[in-house]
Amino acid sequence: MQQDIKQSYSVKEAASFLNIGSNTLFKKLREQGVLSHRNLPRSDLVKAGYFEVSLRQFEKRTDRFAVKQQYAVTLVTGPGLAFIQELIDPPEEDKPECQAK
């Protein structure tokens with residue numbers, strides 16, 4: 001029997017893997033234009049396999065009735081973790097050199 005391997009992670013989990021706070025990661029991804037103001041990824045990055053968007057649902061109850069509402073959650077794939085790592089911590093050759101005064 002084959003075990004299912006988790007293919008995608010919440011942004012909070014991704015932040016933990018990358019040793020950065022989740023709020024900081026969301027902010028950096030928005031600043032880089034990776035995520036929209038609603039924290040949803042660009043469609044080209046979803047098509048590239050870096051992110052997935054999962055629709056979830058919750059029930060909002062009042063005294064008289066319940067209303068089901070959907071919301072979207074951004075998930076990061078394995079290749080997306082590498083993509084984010086390069087965005088927030090580019091390789092040494094891409095970093096500007098510090099000049100001593």
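**Burial and contacts**

Mentor: G80, L81 and I84 are buried in helix α4 (residues 78–88). Keep in mind that this is a predicted model.

Trainee: Within what arc do the buried residues of α4 fall, seen down its axis?
Mentor: An α-helix has 3.6 residues a turn, so residues three or four places apart point the same way. The buried residues of α4 line one face of the helix, because their arc, seen down the axis, is within 105°.

Trainee: What covers the buried residues of α4?
Mentor: Helices and strands both take part in the cover. The helices include α1 (11–17) and α2. The strands include β1 (8–10), β2 and β3 (66–77).

Trainee: Is S54 buried or exposed?
Mentor: S54 is in strand β2 (residues 51–61). Leaving aside neighbours within four places in sequence, S54 contacts Y71, A72, V73 and L75. Buried means under 20% relative accessible area. S54 has 19% relative accessibility, so S54 counts as buried.

Trainee: With which side chain does the side chain of S54 make a polar contact?
Mentor: The cut-off for a polar contact is within 3.5 Å. The contact from the S54 side chain is at 3.4 Å, and the partner is the side chain of R56.

Trainee: How far apart in space are L35 and T74, C-alpha to C-alpha?
Mentor: L35 sits in the loop between α2 (22–31) and α3 (43–47), and is buried at a relative accessible area of 6%. Not counting residues up to four places away in sequence, L35 touches several residues, including F26, L40 and T74. L35 and T74 are 39 residues apart in sequence, and their C-alpha to C-alpha distance is 9.1 Å.

Terms used:
Residues numbered from 1 in each chain as written. Predicted model: local features only at pLDDT ≥ 70, side-chain atom pairs only at ≥ 80, totals over all residues. Heavy atoms only, no water. Helix = DSSP H or I, 4+ residues; strand = E, 2+ residues; numbered from the N terminus. Buried < 20%, exposed > 50% of the residue type's maximum accessible area, 1.4 Å probe, protein only. Contact = heavy atoms within 4.5 Å. Polar contact = N/O pair within 3.5 Å; in protein donor to acceptor, adjacent residues only side chain to side chain. Arc of directions from axis to C-beta.
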